[in-house]
Amino acid sequence: MFVCPVMAQTDSVPDIEYTYQRNTYEIADITVTGASDYEDFVLIGFSGLAVGDKIQVPGDQVTKAIRRFWKQGLFSDVKIVATKIQDGKVWLEIQLNQRPRVSEITYRGLKKNEQEDLEVKVGITKGNQMTPNIADRAKTVIKKYFSEKGYHRTEVRVFQKDDVDHPGYVRVLVDVDKKEKTKVGNLIITGNQALSHDQINRAMKKTNDNNIINLFRTKKFVDEEFEKDKTAVIEKYNEIGYRDAYIVADSVVPNQEDPTRVDVYMTIHEGDKYYIRDISWVGNTVYPYEYLNQILGIKHGDVYNLKHLNKRLQEDDDAVAKLYTDQGYLFFNVDPVEVKIENDSIDFEMRMYEGRPATINAIHIQGNTRVYEHVVRRELYTKPGQLYSQSDIMRSLRELAQMGHFDQEHLVPDIQPNPEDGTVDITYQLETKSSDQVEFSLGWGATGLVGSLGLKFTNFAIQNLFNKKAYRIVPQGEGQTFSINARTNGVYYTSVSMSFMEPWLGGKRPNSLSASIYYASQTGYSDRYYQAYQNLYSTYYSSYYYTGNSDYYQQLQESEADPDKYLRTFGVSVGYGKRLKWPDDYFSLYAELSYQMYMMKDWPYLLVTDGTSHNFALNVQLSRSSIDNPIYTRRGSQFILGCKITPPYSAIMHITDEQFEQMTTNERYHLIEYYKLKASGKVFTPLTPDGKLVLMARAEFGYLGNYNEYTKSPFESYYMGGDGMSSYTSYSTEYIAMRGYSSGSLTPYDATTGRNMGYVYNKYTMELRYPVCLEQNATIWALTFLEAGNCFSTIGKYNPFDLKRSAGVGVRVYLPMFGLLGIDWGWGFDEINGSKQYGGSQFHFVLGQEL
């Protein structure tokens, strides 16, 4: 408003009559009051008025200046006053009343994460002015935020209270009442005949009614998701041939009975169902149309399905586009065009641009800070000068993931084609991660000091052993694996082991060389303790062991160790592996020579109690692995056929049956002879488009055979049940996990040896996995499983259908520093030897191995 007061002391300021003729004045001076937070010259410049300007009083110039201030919303009152008019000049005063600033903001009714999300969006900031526009915007933003989460009835109020400690400031309270989520009450669909109500309901991923088929869906109503679901319904119609289907009308109305629900109405026009009549190809010179039709897999009379057609052309692993890109045709393009529609039939013309084959110009490696670059490049199937191949890129990514030095979830190649010269540059973007592992535990148990220390270096470089610059604890850079491990269980058990593996022997071919050496010593209990162990109701032990006196129990355990009873094991092995090219290069062959020496003295736990036994064996293994990720595998398979054999000493030395019968047990097993067969397979199948939900199916079979009935080996037998781990590391027994049953409970009694020993086993597993976290520093997934298996004492008793069953749930955590950890709970359903005490509820722990 423009005001010119009448001043009693002087007649220099006349009354301004707005109904009379306007007068023109020159602005002599402009002052500003009431806006201490702003510089006067800034506000004067913003007004559009300046000293020397000629304005009409009253006039539009002053009115426009006032509007400019109001438009900013920073002031609650605006006046421009003429304080003096004299000699054709006017003195102006801009009187402002600025809005208060925010000293404190409080949110009520929000969770911590909701508040953190909204603080950035609402626009209310400490120190800034609080205007009605800001308050209204905050209400709109908050309502929209919760509407997207299904809270459509959210109420928001913004309160302001003067801050008595800071004049000109206010405290702001944002009060949010989300109320209950808005859910879908009824889904009413009309006009549908080709698809049932349930089929449309399933096609809509988020907007679902309270139907049994939607038991595990949210059923909340979100406008954005409703729009996506309408598109999904039309796509579903298109998949079954209804290319002209569309939604005529839709509406969302409040449910009459429940205010927290809405009813969704949709009217659908289905149109006619179409079929494919003819497919022709234009522009193809590399492959004839007959072969392209065979690859496409769509023939005359098939139902029109544009989604399936595009998948067969572009997306599937065996799509037409893959056929071309694997042969270097990076610039290939195919466009399916509907050239004729007649009645219910459609003719397609596949218009192709093949281009010329693209040659790889350069390969770049970025982000690698862990291994030498040649170690990365030798794993790549893409080489400069080769024709571009999509399959080679995917295989290269798999091999990089198998190395374990890079984050598998972020292996994405950057492909830059150069159409001008027909070349392509490929950059592999890598995120380095550490895969070295440390195992350390220390404690004091009933047998004394209990602990383990293990170090595993996965980027070892034996070539740099004398290069100090390559040391990071140990020499690194070549991708070799070196590990050392030591364990102790007090006076009863001690072991040390060391291993080395070179994955590229010579550096030119993926032929591996591995070597290991180990030593373990187990001490037995005294005869007194062993006899009590055989008879749990012994008067001596029942009166002391089960009184709850843990200190005495610990002392007794330590005192009962007998150093004259022991099993000592020494072993060494050398292995060589080779990647094969036939049947395909996913196959590999591995051969290993191993030697174990078992030294026993008065050892009652094995068939051989005294003496020395020698185990010299050749292990040959043929395997095929096409898994995409060694940690959280989404797709691919692993198959292994193995055979481990010793020389048939009894045949070589021509030992007769009579001679065997005259031998002592220790003499009979001085040279151990056997053959061991193993077959296993795992298949990983993704069940969702994003590949996160994965089904793993596994089958295993193992058999320990003998050349002679008198030389049935007491070593290398199977010990089945539990988590597959032993409190002691045993090099004479193979532990087979079977969740839902206690450790070793499925191991049968063997009449020949008089011990619990398994010589045949089979096992089947189905496991459903879903990731919780797939970050570089931790990979976590949950699982549920069904398992069945059994162990037998002879091949004659083997029955593949005599299975012990279990089911359960579990979780796995992979930490680069510590490896794979986890816990499973399983329930064993079947009796063992007529008793259920070995099954039922069982917990199993995972440390480094897969169950």
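Because the model is predicted, local features need pLDDT of at least 70 and side-chain atom pairs count only at pLDDT 80 or more, whereas totals for chains, interfaces and linings use all residues. Residues are numbered from 1 along each chain as its sequence is written, and side-chain values use heavy atoms, with hydrogens and water left out.

**Salt bridges**

A salt bridge is taken here as a side-chain nitrogen of Lys or Arg within 4 Å of a carboxyl oxygen of Asp or Glu, and by this rule the count comes to 44 salt bridges.

| Pair | Closest N and O atoms |
|---|---|
| Glutamate 399 and arginine 398 | 2.6 Å |
| Arginine 579 and glutamate 399 | 3.6 Å |
| Arginine 243 and aspartate 244 | 3.1 Å |

Glutamate 399 forms a salt bridge with arginine 398 and another with arginine 579. Helices (H or I, at least four residues) and strands (E, at least two) are DSSP runs, numbered from the N terminus.

For the surroundings of these side chains, buried means under 20% relative accessible area, exposed over 50%, and partly exposed in between (1.4 Å probe, protein chains only). The areas themselves come from the Shrake-Rupley method with a 1.4 Å probe, and for residues only the protein chains shown count as cover. Both glutamate 399 and arginine 398 are buried; glutamate 399 counts as buried because its relative accessibility is 5%, while arginine 579, with a relative accessible area of 25%, is partly exposed. In the pair of arginine 243 and aspartate 244, arginine 243 is partly exposed with a relative accessible area of 26%, and aspartate 244 is partly exposed with 30%.

Elsewhere, a network of salt bridges links Arg698, Glu700, Arg739, Lys763, Glu767, Arg769, Glu787, Arg812 and Asp824.

**Surface patches**

Patches are made of residues with over 30% relative accessible area and no salt bridge, like charges being joined within 9 Å and nonpolar side chains (Val, Leu, Ile, Met, Phe, Trp, Tyr) within 5 Å. Lys and Arg count as positive and Asp and Glu as negative, while His and the chain ends are not counted; the place of a charge is taken as NZ of Lys, CZ of Arg, CG of Asp or CD of Glu.

Asp657, Glu658, Glu661 and Glu709 form a negative surface patch. Within this group, glutamate 709 lies in the loop between strand S30 (694-705) and strand S31 (717-720), and it counts as exposed because its relative accessibility is 61%. A patch of positive charge gathers Lys111, Lys121, Lys144, Lys149, Lys181 and Lys183 on the surface. Of these, lysine 183 is found in strand S9 (residues 183-190) and, at 33% relative accessibility, counts as partly exposed.

A nonpolar patch on the surface, with about 710 Å² of accessible area together, is formed by Leu589, Leu593, Phe616, Leu618, Val620, Leu622, Leu641, Ile645 and Tyr707. Strand S26 (587-601), strand S27 (611-625) and strand S28 (636-645) are the elements that give two or more residues to the nonpolar patch, and the largest share, 4 residues, comes from S27. Isoleucine 645 is found in strand S28 and counts as partly exposed at 33% relative accessibility.

**Single residues and their contacts**

Contact means heavy atoms within 4.5 Å, and the contacts named here do not count residues up to four places away in sequence. Glutamine 480, found in strand S22 (residues 480-489), is buried with a relative accessible area of 0%; the residues that glutamine 480 touches include Phe457, Phe460, Ile462, Phe500, Met501 and Pro503.

Methionine 498 lies in strand S23 (residues 493-502) and counts as partly exposed at 37% relative accessibility. Methionine 498 touches Phe482, Ser483, Ile484, Ala515, Ser516 and Ile517, and the C-alpha atoms of methionine 498 and alanine 515, 17 residues apart along the chain, are separated by 8.5 Å.

Asparagine 799 is found in the loop between strand S36 (779-792) and strand S37 (804-815), where it counts as partly exposed at 32% relative accessibility. Asparagine 799 and tyrosine 761 are 38 residues apart in sequence and 9.4 Å apart in space, C-alpha to C-alpha.
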